Amino acid sequence: MYTNLLLLTFSLLFVSQTLSIQLNTTNICDNRQIPCDQLCSLENGTAVCSCNPGWYLHSNGSSCVECEPGKYGHGCLQSCMCNQGNGCSRINGTCDCNSCWSGTSCQNAISSNCFEDFLISPDKSLNTYGNQVPVPPDTFQIIDVLKEFFPTEEADTILSAEHKIISNRPDSARELLQITVRLDSVNFLTLSDMTTQTARQNVKLGTWRCTLVVPEAEMAASSVNPFDKLLDSLDTPGCEKCHFYNPLKLSDPRYSNLPYSIRVLLEAAIRNCDEFEVRSRDVDIILDWEKRHTGPPVEIPFKPSRVLLQDFTGVPAVVDFASMRDAVKRLGGEPARINPICPADLVIDHSVQVDFSGKGALEKNQEIEFERNRERFQFLKWGARAFQNMLIVPPGSGIVHQVNLEFLARVVFSKPLKGDKEILYPDSLVGTDSHTTMINGLGVVGWGVGGIEAEAVMLGQSISMVLPKVVGYQLIGQLGPLTTSTDVVLTVTRNLRQIGVVGKFVEFYGPGVSALSIADRATISNMCPEYGATVGYFPVDFQSIDYLKQTGREGGVVTRIEAYLRAVGMFRDFNDSKQDPIFSETHQLDLSTVVSCVSGPKRPHDRVSVSDMKQDFLQCLSNKIGFKGYNIPADCLDTSVQFSHEGKQYSLSHGSVVIGAITSCTNTSNPSVMLGAGLLAKNAVERGLKVLPYIKTSLSPGSGVVTYYLREGGVVPYLEELGFNLVGYGCMTCIGNSGPLSDEVADAIEKGDLVTCGVLSGNRNFEGRIHPLTRANYLASPLLVIAYALAGTVCIDFDKEPIGFDPAGTPVYLREIWPSRDDIQTAERTFVLPGMFREVYAKITEGNSRWNDLEAPDSLLYPWDEMSTYIKQPPFFQTIGKHLPPVTGVTNAHCLLLLGDSVTTDHISPAGSIARNSPAARLLGSKGLTPREFNSYGARRGNDAIMARGTFANIRLVNKLVSKPGPRTLHIPSGDEMDIFDAAERYKSENRQLIIISGKEYGSGSSRDWAAKGPMLLGVRAVLAESYERIHRSNLVGMGIVPLEFMPGENAELLGLTGKEQFSINIPSDLKPGDEIKVAMDTGQEFRALTRFDTDIELVYFKHGGILNYMIRQML
């Protein structure tokens, strides 16, 4: 709570007659019957105290205090509103273009009227300092105005002697009433806007605005945190002046029962408590997790320590920031205020493609990467200069999550305080990639969010989240000699999917965790989005400390990390069951039961044991079309196609492997499986085995450290002999940047309509993601990638059939060349050394010659190039105004798409190649580009015109309004079938609104903000689904699209919806989170649907037209 006196300034603009507020003081000055120690005067017969120049009235209302340099009170500073270009003087409240409040940038407003200060006294009376204040006619007293702004109990609290500020405010509004809450020390901080319909009606002003002004840096020094009493110091060499908030000093037994992941949320709430964004009651809610998690959903704020981005999502974020700066300037604000407050790291890793494989592929692919992406990279280099607090890691450095794990992660953050002191706190983050959770394996709480939400966090906004349930997942036993961490994660993924952990935290515990390396844990955490949880968390233990040392972190820093975590009760011993916390529910996995497996052919949680692989795939061929079916006619099951490649004849059939890729941070961050793959390759080559030359094989590790230890381990020549040459440092095949297959292979696949396969060590295998021509894709360990590439088919039983034959014709079985666990562990101990990490990451921000030679603008505002096909100013903020738009419903909307279950963000906004016959290709062709220059949708995310045309452009999209899969739909009024973009444009020209209807798990997969931005640009006003993926639902809200959910037990089919109806949806002005609303159809039928605005702040964002619109208005 605030212990300093709060002064509230009511600034009211009006164009009608005024009234005077009469004060409650009744004494007279002549007889000095009021205790004024300087000046006493009469105002309309009422005695008031005031002060001589250079002094201000103390909070007691009678004594005067001398103004001190840098400290302002009434008489030293008055609030004012000034015309554009002018600021409010720090000295006398006059409007001046050269001086501003507290030294900040000049704030532009709409009037030059200056207003006076009020004091709200403990007895709720209003005392003034000798001035009359104009207020609108026919209104109520200011006290009543406050009670219209806040719920009654909150208004009472504000007006109490304690002068607390409550942050659970109603929605915001605009400029006609400004309330400024000022600390006695007069530091400033901007709060969000607020309004209520009742207040608008009663006061007849239209809109209201409230701001509390205190800069964040000064706020920390103002001792406003009620938990400052928990501040402690760390008695560790080299950290004598390290301070931290110690939750153990609460002396509350509930703390020791909290899951370790919840303890991180609690510490963040304690440290950031300002009784505004984060309140004391939020701290108590989190502390009371054991009782609260089983009750009704309760909202809490969370302020992460940093934000993580990759370039596919980072470019749109920087584009939005650049456009927001333009909007703020247009609206009269200071554009420089659009700048990351929360530290951000952006790693360029999504741009490189496997255009070439084989010898020399690395240099060729990187050269093409820069050629294709020069404009994007120049733009990001501008962003690195224009925005402070943002680190950009150049291309060619590695994959974002592996770089985060090996280098960027702090585990414990350190932030300077005044003087030479620093404060310690747990590292935490949100990222614009769903696999941000990989860092959970190192004991860092973090998860993926939409790019839109991440941008708001970067600008200082806290995340509003529901206090999560925490599933305890106990690991016991040890892995068998032939199993890998990949086998474990695929088993865990299927298991947790079956349990149902969507929206929950999963926290691992039990003695089996101690047997897993940090790389093993990170692999399990990486695939958290695939099993549906928000986080898959492993608390810090001795393995974490050893990993920090192994990856070259400085020794003193590691010592401090361990000491801090032990001091706050966040360091675990997994063998000590007494440290096990309370969980919402618990489940168990015996690691000894895990067997070699893969997942596929279309979803990452469809696990298949290697021993069952052949039979499972053959069954999939015959099954009806679905996640495990292709509906191949019986007379086509044995189809094979002959083709010529490099002068030799080969044949392809169903199940033939055409892509084998060791890729993705999921596995390339793990030395055990990477060295294991190298040893397997060595054994295979020594037995004379080869990979068929038409199979596109590649090695794209997540950091240069991998190349380092593979080379030192002597396995690189064997990998290259099998075709697994280094092709680049980036996500590559895992995100669909697999590059083209040879023309002969592509023609054979299409000729035979074959279900050919890709096998990759990635984390996603949704249909159409890896390559348009590989209809079946399997996730596997790097060792099994090599194994299936050697076999040339997935139709093999490795236990019974040989993987190949040696030069003498002797059959070779996989078990004969599979490396032992002892051999792998020996290689890891010998060749994975701290010096490798230090050497690689010492140069990470230096880039390469291509990056360093790039020239970029050096300006506050970005100079948009209208001819650019990569970077374009988006339309989102070009028409935004200062005023809140009215909330409107959906009227007579047509259904753009009628979809089924598990529609992924790859379906909604594909990242892969741009088809030559697509609307995006037509636009690029009209600008003179050839298909070779089209690049990918992911690389074009800085251009809204391309991305709108690429929305729902996945060739595997199944839309029930048309007969065949593909990016087509029906224009309902005319009955014409056409490209989805063209249909949306026709609807727009006819001034018709649109909705989308879908099944379960709408928006699953990657956290792509364009999967929400694209539909918004197409004119989609609402989505009606059976259920949503967490991040995508948040993104829809962030773009102002209404997320609706069928009531339990209902769906489009059960309600008899054909998609050809017209839908009207009334959005009431008093809508609350989780309310049911009515959906009416032109057929006369209607049904109820659940609104998936899950928190109050999401409704605020929606009413502003999106979260970034809200942030822009906050900056004015």
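So, the aromatic cluster: ring pairs tie together Phe 321, Phe 379, Trp 382, Phe 387, Tyr 862 and Trp 864. Rings of Phe, Tyr and Trp (for Trp, the six-membered ring) pair here if their centres lie within 6.5 Å. Bear in mind this is a predicted model, where local features need pLDDT of at least 70, side-chain atom pairs count only at pLDDT 80 or more, and totals for chains, interfaces and linings use all residues. Residues are numbered from 1 along each chain as its sequence is written, and side-chain values use heavy atoms, leaving out hydrogens and water.

Across the whole structure, the search turns up 26 aromatic pairs. Take Phe 370 and Phe 377: centres 5.1 Å apart, planes at 70 degrees, so edge-to-face (planes over 60 degrees apart; under 30 is stacked, the rest tilted). Phe 370 is buried at 3% relative accessibility, and Phe 377 is buried at 0%; buried means under 20% relative accessible area, with a 1.4 Å probe and protein chains only.

Then Tyr 1002 and Tyr 1028, also edge-to-face, with centres 6.2 Å apart and planes at 85 degrees. They sit 26 residues apart, Tyr 1002 in the loop between β40 and α33, Tyr 1028 in the loop between β41 and α34. Both tyrosines are buried.

Okay, helices. α8 (311-330) packs on α36 (1107-1114) at about 45 degrees, axes 10 Å apart.

Conventions. Axes are lines fitted to C-alpha atoms, for helices over the stretch in contact, and angles run from 0 to 180 degrees between N-to-C directions. Helices (H or I, at least four residues) and strands (E, at least two) are DSSP runs, numbered from the N terminus. Buried means under 20% relative accessible area, exposed over 50%, partly exposed in between (1.4 Å probe, protein chains only).
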